[in-house]
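Please look over the sequence and the structure shown here before reading on, and keep both at hand while the text moves from one part to the next.

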Amino acid sequence: MDDIVIRKAVQQDCGPMLLLIKELADYEKALPEVTLTLEQFIEDGFGNSPVWGAFVAEHNGEILGISLYYDRYSTWKGRRLYLEDLVVTEKWRGKQIGKKLFEATMEYGKSCQYSGMVFQVLKWNEPAINFYKKYSPKFDNEWFNVSIEFK
């Protein structure tokens, strides 16, 4: 698939990106959890204080996949890149697009002097787990995921 272009996301990509995020949430059986609006997504990525960056995979003007990341800080390791979402639309999976996005994100992290990249994967998502295993990751079974919702 030489005609797939991997590039940094621009503001005009936010609509298709949000659709991919919802596609991922639906796959993970959590679509109602997506409460982010397009306006907030645009502001958070391209406003006065952007908090996320992303790479997109594009083919003939269509966004097929995304790798969305942001800064994380570890008092033990320093600056870390946090991979929030890596998703390729279902009909384009299995064509090395996820690999290209993932590797572009890793290269970005290395070039920006991050000490590493961290991310989460659902325990039941065997295709994703098998994909990540190709990169010799450290799976951590000692820590719980914890979140608090501000209302």
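**From a surface patch to the sheet**

In this predicted model, Tyr27, Leu122 and Trp124 together make a nonpolar surface patch of about 270 Å². One of these residues, Trp124, is found in the loop between strand 5 and helix 4, the helix that covers residues 126-133. Is Trp124 buried, partly exposed or exposed? Its relative accessibility is 42%, so Trp124 counts as partly exposed, since that class lies between the limits of 20% for buried and 50% for exposed.

Helix 4 itself holds Ile129, and this residue is buried because its relative accessible area is 11%, where buried means under 20%. Leaving aside residues up to four places away in sequence, Ile129 touches Val121, Leu122, Lys123 and Phe139, and Leu122 is also one of the residues of the nonpolar patch. The C-alpha atom of Ile129 is separated by 24 Å from that of Ile63, a residue 66 places apart from it along the chain.

Ile63, in strand 3, is the bridge partner of Glu58. Strand 2 (residues 53-59) and strand 3 (residues 62-74) pair in the antiparallel sense, with seven bridges between them. They belong to an open sheet of five strands, which follow the order 1-2-3-4-5 with mixed pairing. At its edges are strand 1 (5-8) and strand 5 (117-119), each of which pairs on one side only, and neighbouring strands of the sheet are turned by 30° against each other on average, direction ignored. Across strand 2, strand 3 and strand 4 (78-88) lies helix 1 (residues 14-27), which runs at about 80° to strand 3.

How values were computed:
Residues numbered from 1 in each chain as written. Predicted model: local features only at pLDDT ≥ 70, side-chain atom pairs only at ≥ 80, totals over all residues. Heavy atoms only, no water. Pairing = 2+ DSSP bridges. Helix = DSSP H or I, 4+ residues; strand = E, 2+ residues; numbered from the N terminus. Axes fitted to C-alpha atoms, helices over the stretch in contact; angles between N-to-C directions. Contact = heavy atoms within 4.5 Å. Patch = residues over 30% accessible without salt bridge, like charges linked within 9 Å, V, L, I, M, F, W, Y side chains within 5 Å. Areas by Shrake-Rupley, 256 points an atom, 1.4 Å probe, with all protein chains shown as cover. Salt bridge = Lys/Arg side-chain N within 4 Å of Asp/Glu carboxyl O. Buried < 20%, exposed > 50% of the residue type's maximum accessible area, 1.4 Å probe, protein only.
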